[in-house]
Amino acid sequence: DDLKTWDLILNKGIKFSHGAELTADDVIYNFKELWMHPDTTSTLKRTFGAYLKKENIEKIDRYTVRLHLDSAQIIIPEHLAMNQAAILPKDYDGKFIDNPVGTGPYTLEEYIPDERCVLKRREGYWRNGSDGKALPYLDGLRFVNVGTEVSAMTAALSSGQVHVNRVYPAYLDLLKGTDIVVGGKPSGGTNVIRMRADKAPFDNIKVRQALKAAMNRQLMFRNIMRGYGELGEDFHVSPVHPEYAKIGDPPKQDIALAKKLLAEAGYPNGLDITLTIQNSDPYPTMAQILKASFKQAGINCTIEMVPTSVYWDRWMDIDFGITSWGPRPLGIQALNLAYKTGGPWNETHWSHPEFDKLLEKANGILDATERSKVMAKLETIMQNEGPIMIPYWNPYMYGHSPKVKNYQFGADDLMRLDSVWLD
């Protein structure tokens, strides 16, 4: 009842692909030896370590693990659902590509980096479909790399090269006249324009506020989202999150305010900054809109475009950039990961004691309505003082061939392929 004691109860009879049964020992092994080991590089060490000690993980019986937390937390299921928290067997040898073992519906047959990945239907998977038949329905899956250019990705779908692919609002016209089925839902995924709050000039709150005032989010939303998704409000909580609090309308561009704030920050004659982006859609378009908006306020923005792999190699050290963030089911999840002092993915290096205190309080409130009251305060701090700009929230949209049946569109960037079939 106090949200500090959690029992993880496993279904019985679930087998790993190498034949062993999934038990409490496997779960404890993942917690202690993979996620929270002192030498691990996993971000889960700080995620779970923020509220759980290794010695407070208890085996109750063969199928039950009890977690004794240091503080009340509602977010345990969501943290366990992160892709980094895939459960591996206790005899895992550390070589997943050479010896891939899991409890999922497919097994890995072939993996060639940057080219293709081939999966094969696994016999004995534990779930059945709504028809009572064993899943998965498909004999296998083949993922192919068609590049990062959205036009090429869309062409691969419309030409029949692939059955399923992500689609983007700005490129939907390329699918007109085809029989491709398109669907999607509003999400908590976005592209975060983020500033290093510990580096000049972004360590000056008035500079951050000036950049926010100069941005034309409505223009960016129209040009990139084409009316899909939602406008952002410069805090990392989406309208789809259960604890989202409506604190006002999305801010509008105010060039006079931006100039005033820059002058107060010590830059009466303008400011020179560099924006680092990935060389794939939609970042170049975002960058050009930002550059033009900033220019109106006397801010000279140089754009540094780098390959996606280079961006992710440097992302925690980039002073001013645009980072893609996938959706998460709870609003407090991204806040703990990226904006709490010392958070594992705190790419802005922001630290705000009052924010941290309020977030810890929100972490222990189960009722979403009550949690939203605290969230309103967190959102206000982020909007007024925070190191990010969020112009919009993505709709996660996928397109598929009409031959693909029972495809489930979700509010995330995941393909659910265990219960689909081809006609």
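What share of the contacts in the protein with a separation of 6 or more comes from residues 24 or more positions apart? In this predicted model, such residues account for 67% of those contacts.

## Overall shape

The protein contains 12 helices and 18 strands. Its radius of gyration is 23 Å, close to the 22 Å that the globule rule gives for 423 residues, so the protein is as compact as a globular protein of that length. Taken along the principal axes, the box filled by the C-alpha atoms is roughly 70 × 55 × 40 Å.

Of the 423 residues in the protein, 48% are buried. The accessible surface amounts to about 19700 Å², and carbon and sulfur atoms make up 50% of that surface.

In soluble globular proteins, nonpolar side chains tend to be buried together. Here the largest nonpolar core has 62 residues, and those with the most contacts inside it are F31, L67, L335, Y339, F355 and L378. Among the elements that give two or more residues to this core are the strands β1 (5-9) and β3 (64-68), together with helices including α1 (24-35), α10 (331-338), α11 (353-363) and α12 (368-385). The largest share, seven residues, comes from α1.

Leaving aside residues up to four places away in sequence, L378 touches L335, F355, L358, L359 and A362.

How values were computed:
Residues are numbered from 1 along each chain as its sequence is written. This is a predicted model: local features need pLDDT of at least 70, side-chain atom pairs count only at pLDDT 80 or more; totals for chains, interfaces and linings use all residues. Side-chain values use heavy atoms; hydrogens and water are left out. Helices (H or I, at least four residues) and strands (E, at least two) are DSSP runs, numbered from the N terminus. The radius of gyration is taken over C-alpha atoms; the globule rule is 2.2 Å times the number of residues to the power 0.38. Buried means under 20% relative accessible area, exposed over 50%, partly exposed in between (1.4 Å probe, protein chains only). Contact means heavy atoms within 4.5 Å. Accessible areas come from the Shrake-Rupley method with a 1.4 Å probe; for residues, only the protein chains shown count as cover. A nonpolar core is a set of buried Ala, Val, Leu, Ile, Met, Phe, Trp, Tyr and Cys residues joined through side-chain atoms within 4.5 Å.
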